[in-house]
Amino acid sequence: MTKLSIIAFDGTRHELEVQTGSTVMENAVRNSVPGIEAECGGACACATCHVYVDEAWTAAVGAPEAMEEDMLDFAYDVRPTSRLSCQIKMSDALDGLVVHVPERQA
């Protein structure tokens with residue numbers, strides 16, 4: 001199990017114990033974190049699971065692949081740390097990861 005913190009737009013912090021190999025999106029949906037809509041169910045076919053990776057974690061999470069970058073074009077208020085949470089798989093290297101939910105999804 002690894003730790004994941006998802007901070008909702010209103011500042012509410014959701015501290016989760018999650019399975020290695022699961023995605024940030026799966027865990028957000030499973031734990032009813034507000035602001036993660038995940039309309040495509042994790043297929044990287046929409047931008048409704050958009051999050052901002054905390055700056056301390058951007059190097060560990062890495063950059064988005066081309067398909068994810070294309071989908072981020074449809075996200076609201078994209079920033080340099082923007083990622084789709086369906087594309088971030090939890091691993092031991094991401095134990096303690098912190099992500100922030102934007103004001104709204106596209």
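## Contacts along the chain

In this predicted model, residues 24 or more positions apart account for 66% of the contacts (heavy atoms within 4.5 Å) with a separation of 6 or more in the chain. Local features need pLDDT of at least 70, side-chain atom pairs count only at pLDDT 80 or more, and totals for chains, interfaces and linings use all residues. Residues are numbered from 1 along each chain as its sequence is written, and side-chain values use heavy atoms, with hydrogens and water left out.

## Fold and dimensions

Three helices and five strands are present in the chain; these are DSSP runs, with helices (H or I) of at least four residues and strands (E) of at least two, numbered from the N terminus. Their order along the sequence is β-β-α-β-α-α-β-β. The radius of gyration, 12 Å, is close to the 13 Å that the globule rule gives for 106 residues, so the chain is as compact as a globular protein of that length. That radius is taken over C-alpha atoms, and the rule is 2.2 Å times the number of residues to the power 0.38.

Of the 106 residues, 46% are buried, meaning under 20% relative accessible area with a 1.4 Å probe, protein chains only.

## The surroundings of Q105

Q105 lies in the segment after β5 (97–100) and is buried, with a relative accessible area of 6%. Its side chain reaches two backbone oxygens: that of G35 at 2.8 Å and that of H50 at 3.1 Å. Leaving aside residues up to four places away in sequence, Q105 touches residues including I36, E37, A47 and Y76.

Methods: Buried < 20%, exposed > 50% of the residue type's maximum accessible area, 1.4 Å probe, protein only. Polar contact = N/O pair within 3.5 Å; in protein donor to acceptor, adjacent residues only side chain to side chain.
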